[in-house]
Amino acid sequence: MAYIRKTIDEKEIERQQAVCARIFERVTADGARPLAMVDTYGCQQNEADSEKLRGYLAEMGYGFTQDEFQADVIVVNTCAVREHAEMRVLGNVGALTHSKKARPGQIIAVCGCMVQQEHMAQKIKMSYPVVDLVFGPHELWRFPELLEQVMEKHRRVFAAEKNDGAVAEGIPVRRDGKVKAWLSIMYGCNNFCTYCIVPYVRGRERSRLPEDVVAEARELVAAGYKDITLLGQNVNSYGKDLEENVDFADLIRMINAIPGDFLIRFMTSHPRDATEKLFRTMAECEKCAHHIHLPVQSGSDRILKQMNRHYDRAKYLSEIETARRYMPDIVITTDIIVGFPGETEEDFADTLSLCEEVRYDAMFTFIYSKRVGTPAATMPDPYTREDKQKHFDALTELANRISGEKHKEYEGKTVRVLIDGETGKEEYNLSSRTNGGRLVHLRGDKGLIGQFAEVKITASNTWALYGELA
């Protein structure tokens, strides 16, 4: 049976807005402004979700704080990709007993991917009585009514039932900063890599309509944002669920046509759907950054098959060659999992050789983390954590060496950067990014933040470039 793309009726969003108005009257009745805290873990999509949570909270009358002892409402937006992230969340949620004891009326909500897993929602219900509200990613659009239920009924509310998710337009957004913006173009994932929990907690792929995406991009450009990142679990499969004949490359061209001086970035790309059309589009669209994050995960064909990645080493290397043919200056970054169940010395050697061949500008490396409910969790795994740590250390050493060498090649060159913030340090007080996303520290007046500038690179290390205004 084909998946039918679902949308939330705009009347439902209007109903949530009405709930926001009721909560506003309730929490501001005494003339004081209540405060909320939103604590975010995980990926950029979670960051974008938190901006919607803040948007709703702002309409409810809340100001914002990062001090849990000042907050009337605390929302913890969680990640489920690795066990370490979940343990951090649970530890920090447990510690909120202190702030709730100091503020007995404080409402604590836990949302996001972690609680979409039934066993984690149950764990919070049984072991964390400090939590008043639990809801998964599919229920974010009705956060106001869930919060109102807690306020009115003075009981715990759980809303993390399994479903494939829907697209909700019109949710208010309160963004962090004025230079960079996240722009979600789709939600969910259909790939079902054997190690990954995301399709189970984020649901099936569902694309926003191109006109809605472009309209939001126009608003961002008009508001002065200079760095817009298009988000999806696999942006390369954008549009497959739409009736219109539009794909991700087409969407980039639509956004590129918006007047203004800004950069288009995107993540994440799945190699199974990376096409020559995409690379050609990136090269021809002057606003599209010459950077692609293309997670390979392993250099071994045997492990890639076990991971259900739907490509092999040869296909991946062919895509790298095509991208560099269209954009010789392209910056390529990747994710790699070390210690996938059954990974041998030979498999790991294949990963090292692939990394030497591609020479990534940066690698994000992880030791495999078992996720309950995924096929990989039941695969035999004879290797110890110590074995995996040795491989991880070797890969990290290689990644750092190549990154340092790549950065060294920038020295003496002049590059265009977007100055995006302050470092808090005296010598190099400003931070910026190249078109390819490389971090550049420089000296200058903070009034330059939000502007493009030419910078001469004078020094570098493994993690960053250093320069001066040209």
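Reader: Where is His310 found?
Author: This is a predicted model. In it, His310 sits in the loop between H12 and H13.

Reader: What is phi of His310 near?
Author: Phi is near 65° for His310, a positive value in a residue other than glycine. Most residues other than glycine have a negative phi.

Reader: How exposed is His310, and what is its relative accessible area?
Author: His310 has a relative accessible area of 42%, so it counts as partly exposed.

Reader: What about Asn308, where does it lie?
Author: Asn308 lies in the loop between helix H12 (301–307) and helix H13 (313–326). Its phi is also a positive value in a residue other than glycine, near 65°. With a relative accessible area of 27%, Asn308 is partly exposed.

Reader: Peptide bonds next. Which residues does a cis peptide bond join?
Author: Met267 and Thr268, with omega at about 5°. Most peptide bonds are trans. Thr268 lies in the loop between S11 and helix H11 (276–284).

Reader: S11 is in a sheet, then. In what order do the three strands of the open sheet come?
Author: The order is S7-S10-S11, and the pairing is parallel. Strand S7 (180–184) and strand S11 (263–267) are at the edges with a single partner strand each, so one side of each has no neighbour in the sheet. From one strand to the next the twist averages 25°.

Reader: How many bridges join S10 to S11?
Author: Five bridges join strand S10 (residues 227–231) to S11, and the two run parallel.

Reader: Which strands does helix H2 touch?
Author: Helix H2 (residues 44–59) packs on the sheet and touches S7, S10 and S11, with its direction at about 95° to that of S7. Helix H10 (residues 248–256) packs on the sheet too, touching S10 and S11, and its direction makes about 155° with that of S11.

Reader: Now the barrel. Which strands close into it, and in what order?
Author: Five strands close into the barrel, in the order S15-S16-S17-S19-S18, with mixed pairing. The twist averages 50° from one strand to the next.

Reader: Which way do S15 and S16 run, parallel or antiparallel?
Author: Antiparallel: strand S15 (residues 414–422) is joined to strand S16 (residues 430–434) by five bridges. Glu422 stands opposite Leu430 in S16.

Reader: And how many bridges join S16 to S17?
Author: Four, with S16 and strand S17 (residues 439–442) running antiparallel. Leu430 stands opposite Leu442 in S17. The hairpin of S16 and S17 has four residues between the strands, and Gly437 there takes a positive phi near 85°.

Reader: Which way do S17 and S19 run, parallel or antiparallel?
Author: Parallel, with three bridges joining S17 to strand S19 (residues 465–469). The bridge partner of Leu442 in S19 is Gly467.

Reader: Changing topic. How many aromatic pairs are there?
Author: The count comes to seven aromatic pairs. One of them is Phe340 with Tyr368, edge-to-face at 5.7 Å centre to centre with 70° between the planes. Phe340 is in the loop between strand S13 (331–338) and helix H14 (345–358), and Tyr368 is in the loop between strand S14 (362–367) and helix H15 (385–408), so the pair ties together parts that are 28 residues apart in sequence.

Reader: Are Phe340 and Tyr368 buried or exposed?
Author: Both Phe340 and Tyr368 are buried. Together with Tyr195 they form one aromatic cluster.

Reader: Which ring face does Arg416 lie over?
Author: Arg416 lies over the face of Phe452, 4.0 Å from the ring centre. Likewise, Lys125 lies over the face of Phe158, at 4.7 Å from the ring centre.

Reader: On to other arginines. Why does Arg142 count as buried?
Author: Because its relative accessibility is 18%, and the cut-off for buried is under 20%. Arg142 lies in the loop between strand S5 (133–135) and helix H7 (143–153). Its side chain makes a polar contact of 2.6 Å with that of Glu139. Leaving aside neighbours within four places in sequence, Arg142 is in contact with Gln16 and Ala159.

Reader: And Arg208, what is its relative accessible area?
Author: Arg208 has a relative accessible area of 5% and is buried. Arg208 lies in the loop between strand S9 (206–207) and helix H9 (210–222). Leaving aside its neighbours within four places in sequence, its contacts include Arg5, Glu169, Glu216 and Tyr238.

Conventions. Residues are numbered from 1 along each chain as its sequence is written. This is a predicted model: local features need pLDDT of at least 70, side-chain atom pairs count only at pLDDT 80 or more; totals for chains, interfaces and linings use all residues. Side-chain values use heavy atoms; hydrogens and water are left out. Two strands pair if DSSP finds at least two bridges between them. Axes are lines fitted to C-alpha atoms, for helices over the stretch in contact, and angles run from 0 to 180 degrees between N-to-C directions. Rings of Phe, Tyr and Trp (its six-membered ring) pair if their centres lie within 6.5 Å; planes under 30 degrees apart count as stacked, over 60 as edge-to-face and the rest as tilted. Buried means under 20% relative accessible area, exposed over 50%, partly exposed in between (1.4 Å probe, protein chains only). A charge sits over a ring if NZ of Lys or CZ of Arg is within 6 Å of the ring centre and within 35 degrees of the ring normal. Contact means heavy atoms within 4.5 Å. A polar contact is a pair of N or O atoms within 3.5 Å; within protein, one must be able to donate a hydrogen and the other to accept it, and residues adjacent in sequence count only if both atoms are side-chain atoms.
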